[in-house]
Each structure stands twice: as C-alpha cells, then as structure tokens.
Amino acid sequence: MSIIRNAKEFFGLGPIDDVAADEYYADEPRSYADERSFTPERHYDYAPPRREPHIVPVVLTSYTQAARVGEPFREGDAVVFDITNMDRKEATRIVDFAAGICFALEGEMLKVAPRVFAVVPKGGRFGRAELERAARVR
C-alpha cells in the first residue's frame, strides 16, 4: 500500500470497505428505550432569574436601530418607540418589525400617540397612562 492511499483511507477519502462497515454496525445492539424516556424538564433545569419588567423609551432615526426595540422586548421589557424622525418607508419597516416580534413572542402592540408605538410582552402589566408617560420622557 502506498503512503498516499493510506492517507486517503485515514481521512476517509479512499474506497470504503462495505463489508467491514456493515459488520461494525451489526455488532451494536439497538435499544431505543433511552430515547423514549427523554424528558426535557429533567435535562434542562436552568431557568434565568426573573426580574421586574420595565418600560424602555426609544427614539429611532433609522431601521438599522431596530435592535433597540427587539432586544429589550425579548428580555421581557415593554418598549415605547418614537418614529417621528424617520422617513415613511423606514418607519413602516420598523412597525412591521415590531408587529413581527409581537406575534412571535405573543406580545401586544399599541399605538400610544401619532408615530409613537409600544410593544408589551406577554404578561406585561402596564397601563396606557404609563406607556404615554414613557413616550413623553424621550
């Protein structure tokens, strides 16, 4: 056997001996009992610490700042975002983005004032007055 052929076989680039491969797998006993007894609760005990949700006021000037709405919302905070300083096309994209994250994370989207919206996470207990006050803080 040549050195090149040995190297190819070592890295799995050479011909495969089908009989040897079949024999190898035939020797292993098949048991699926472990797979059926899998329960995620038993294997994933970590839960992030709970904290009190806040209202995060954000003023946006371009669509590239969409993460300023998405990240706090994903963490469980309500976000009041002002799009008055944006052109109509980018403002529409931001509203679509916010509606999408609300749908995905089962939140709620509210219009607080003209061109000012709020996204509230599922279970968020914020009154309309609180959201309007946060909109004026900007």
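User: What makes β2 and β4 a pair of strands?

Analyst: In this predicted model, four bridges join β2 to β4, and the two strands run antiparallel. Two strands pair if at least two bridges are found between them, so β2 and β4, with four bridges, are counted as paired. Within this pairing, Val80 stands opposite Ala118 of β4.

User: How do you know which strands belong to the sheet, and in what order do they lie?

Analyst: The sheet is an open one of four strands, in the order β1-β2-β4-β3, and its pairing is mixed. Because β1 (55–59) and β3 (108–113) each have a single partner strand, they stand at the edges, and one side of each is left without a neighbour in the sheet. Neighbouring strands are turned by 20° against each other on average, with direction ignored.

User: What makes β4 largely enclosed by the rest of the structure?

Analyst: A residue is called buried when its relative accessible area is under 20%. Five of the five residues of β4 are buried, so this strand is largely enclosed by the rest of the structure. The burial concerns both faces: Val116, Ala118 and Val120 are buried on one side, and Phe117 and Val119 on the other. In a regular strand the side chains alternate between the two faces of the sheet. For the chain as a whole, buried residues make up 24% of the 138 residues.

User: Which helices lie against the sheet?

Analyst: Helix α5 (residues 67–74) packs on the sheet, where it touches β1, β2 and β4 (116–120), and its direction makes about 165° with that of β2. Helix α6 (residues 88–104) lies across β2, β3 and β4, and runs at about 140° to β3.

User: How do you know that the buried residues of α6 are on the same side?

Analyst: The buried residues of α6 are Ala91, Ile94, Ala98, Ile101 and Cys102. They cover an arc of only 105° around the axis, which puts them on the same side of the helix. These buried residues pack against α5, β2, β3 and β4, whereas the face turned away from the buried side carries the exposed residues Arg88, Lys89, Asp96, Phe103 and Ala104.

User: How does the length of α6 compare with what is expected, and what caps its N-terminal end?

Analyst: α6 has 17 residues and reaches 24 Å from its first C-alpha to its last, which is close to the 24 Å expected at 1.5 Å a residue. Its N-terminal end is capped by Asp87, which has a side-chain oxygen 3.1 Å from the backbone nitrogen of Lys89. After the helix comes Glu106, whose phi is positive, near 60°.

User: Why does Asp77 count as buried, and what does its side chain reach?

Analyst: Asp77 has a relative accessibility of 7%, and the cut-off for buried is under 20%, so it counts as buried. Its place is in the loop between α5 and β2, and its side chain reaches the backbone nitrogen of His54 at 2.9 Å. Leaving aside neighbours within four places in sequence, the residues in contact with Asp77 include Arg51, Val56, Pro72 and Val119.

User: What makes Ser62 buried, and which residue does its side chain meet in a polar contact?

Analyst: Ser62 has a relative accessible area of 17%, and this falls under the 20% limit, so Ser62 is buried. Ser62 lies in the loop between β1 and α5, and its side chain makes a polar contact with the side chain of Thr64 at 2.6 Å. A pair of N or O atoms must lie within 3.5 Å to be considered for such a contact. Leaving aside neighbours within four places in sequence, Ser62 is in contact with Met86, Glu90 and Ile94.

Methods. Residues are numbered from 1 along each chain as its sequence is written. This is a predicted model: local features need pLDDT of at least 70, side-chain atom pairs count only at pLDDT 80 or more; totals for chains, interfaces and linings use all residues. Side-chain values use heavy atoms; hydrogens and water are left out. Axes are lines fitted to C-alpha atoms, for helices over the stretch in contact, and angles run from 0 to 180 degrees between N-to-C directions. Contact means heavy atoms within 4.5 Å. The expected span of a helix is 1.5 Å times one less than its number of residues. Buried means under 20% relative accessible area, exposed over 50%, partly exposed in between (1.4 Å probe, protein chains only). The arc is that of the directions from the helix axis to the C-beta atoms. A polar contact is a pair of N or O atoms within 3.5 Å; within protein, one must be able to donate a hydrogen and the other to accept it, and residues adjacent in sequence count only if both atoms are side-chain atoms.
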